[in-house]
Amino acid sequence: MEQPRYVTVDVPAKINLRLAVGPVRADGYHEVVTVYCSVSLYDRLRASTAGEITVEVVGPQAALVPLDGSNLAVRAARLLAERAGVASGARLWIDKGIPVAGGMAGGSADAAAALLACHRLWDLDLDRDELLGIAAELGSDVPFALHGFLAVGTGRGERLRPLEAAARLHWVVVPSGGEGLSTPAVYAACDRIREETGWTPEPPRADDDLVGALREGDVPGVARALANDLEPAALRLNPALARTLDAGRAAGALAAMVSGSGPTCLFLAADGRHATAVAEALTAAGYAPVLAAGPVPGPAVVDDGRYPGDEAWHKAMSAADYLGER
Ligand code: C5P
């Protein structure tokens with residue numbers, strides 16, 4: 001019997017080192033300037049040959065992920081098939097390691113992984129810009145999820161400028177034990193807070209202190225320049241997060257912040273050993289932290305059903321090479 005063809009992709013979570021939120025645009029989105037960074041928490045997606053596009057999700061938080069047409073990986077596969085003009089199907093299987101609705105772009109990661117896996121499974125020849133264009137239609141964070149490593153995002157977050165970094169950042173990540181936060185609800189709360197305080201946001205600018213500190217590997221400088229304009233809104237919707245942030249500060253973290261639209265909390269450590277100490281203190285205080293480092297490369301094909309015996313195979317497995325640049 002013939003082996004089914006399949007493609008497996010590992011895709012990292014993202015964090016926003018800086019998320020500056022500007023005014024609401026005519027299309028309802030907010031103008032943002034953000035510095036995206038991929039970190040070493042991964043979802044694994046496998047796409048195998050099938051007649052229709054379906055999805056199955058495993059992992060401790062699998063029950064929180066929709067399995068219908070609203071699933072972002074399913075939408076990604078459908079849109080790719082439509083744009084490529086193929087009638088192919090795929091059975092998608094996702095092992096969730098990224099917190100669900102946690103502000104770490106897990107859904108966007110799955111969409112990027114589905115694009116990469118199905119592109120290979122269906123033997124398509126769309127170029128990098130076409131794939132990034134499809135990614136942008138799927139969601140503001142999907143182009144970065146396809147790209148990975150470190151980049152400035154502008155517009156809705158979908159327009160990317162890659163950054164170089166000498167800094168290796170060690171994070172202690174505290175996912176929320178309970179429900180996630182909805183991104184639209186957090187943006188709406190941000191608008192309400194601004195209305196109440198009478199503050200009108202200017203179009204945001206890139207943060208040069210942060211970019212310089214990243215380039216020079218200046219971790220305390222990065223810690224000083226971290227900022228998330230959505231944090232007050234996430235704290236308003238989930239006030240318990242303030243205690244989590246305080247616990248991380250008390251544990252000695254260089255900086256504490258909410259990840260994206262939350263509710264995952266992030267703590268920056270000086271190095272790997274320090275991260276372990278911060279995580280131990282948070283565990284003793286009753287939290288369930290995990291360690292992550294970044295920036296890390298973006299999604300990579302780790303297995304496409306062929307024998308991984310030669311160097312060319314390994315090279316071809318990297319999304320960065322596959323997409324033509326990092
Ligand atoms: O682009 P994406 O589908 O991920 O966005 C989800 C929601 O988050 C949007 O519908 C919008 O409410 C909000 N959003 C925003 N401004 C952005 C990105 C997202 O208001 N730049």
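These legends go with close-up views of a predicted model. Residues are numbered from 1 along each chain as its sequence is written, and side-chain values use heavy atoms, with hydrogens and water left out. In this predicted model, local features need pLDDT of at least 70 and side-chain atom pairs count only at pLDDT 80 or more, while totals for chains, interfaces and linings use all residues.

**View 1. The largest nonpolar core has 77 residues.** A nonpolar core is a set of buried Ala, Val, Leu, Ile, Met, Phe, Trp, Tyr and Cys residues joined through side-chain atoms within 4.5 Å. Here, buried means under 20% relative accessible area, exposed means over 50%, and partly exposed is in between (1.4 Å probe, protein chains only). Look for Leu17, Leu92, Trp122, Trp171 and Leu214, the residues with the most contacts inside this core. Helix α2 (residues 106–121) gives the core its largest share, 10 residues. Helices (H or I, at least four residues) and strands (E, at least two) are DSSP runs, numbered from the N terminus. A second, separate core has 28 residues, including Ala234, Leu241, Ala251 and Leu282.

**View 2. Leu92 and the residues it touches.** Contact means heavy atoms within 4.5 Å. Leaving out residues up to four places away in sequence, Leu92 touches several residues, among them Leu45, Val55, Val74, Ala114 and Cys118. Arg46 and Glu56 are also on the list of residues that Leu92 touches.

**View 3. Arg44 and Asp10 form a salt bridge.** Side chains of opposite charge can pair when their charged atoms come close. A salt bridge is a side-chain nitrogen of Lys or Arg within 4 Å of a carboxyl oxygen of Asp or Glu, and the structure holds 14 of them. In this pair, the closest N and O atoms are 2.7 Å apart. Arg44 sits in strand β2 (residues 30–50) and Asp10 in strand β1 (residues 6–24), 34 residues apart. Arg44 is partly exposed because its relative accessibility is 35%, whereas Asp10, at 18%, counts as buried.

**View 4. Asp303 meets Arg46 in a salt bridge.** The closest N and O atoms are 3.5 Å apart. Asp303 belongs to strand β12 (residues 300–303) and Arg46 to strand β2, so this pair ties together parts that are 257 residues apart in sequence. With a relative accessible area of 29%, Arg46 is partly exposed.

**View 5. Glu196 and Arg236 join two helices.** Their salt bridge has its closest N and O atoms 2.8 Å apart. Glu196 lies in helix α5 (residues 183–197) and Arg236 in helix α8 (residues 231–237). Glu196 is exposed at 53%, while Arg236 is partly exposed at 40%.
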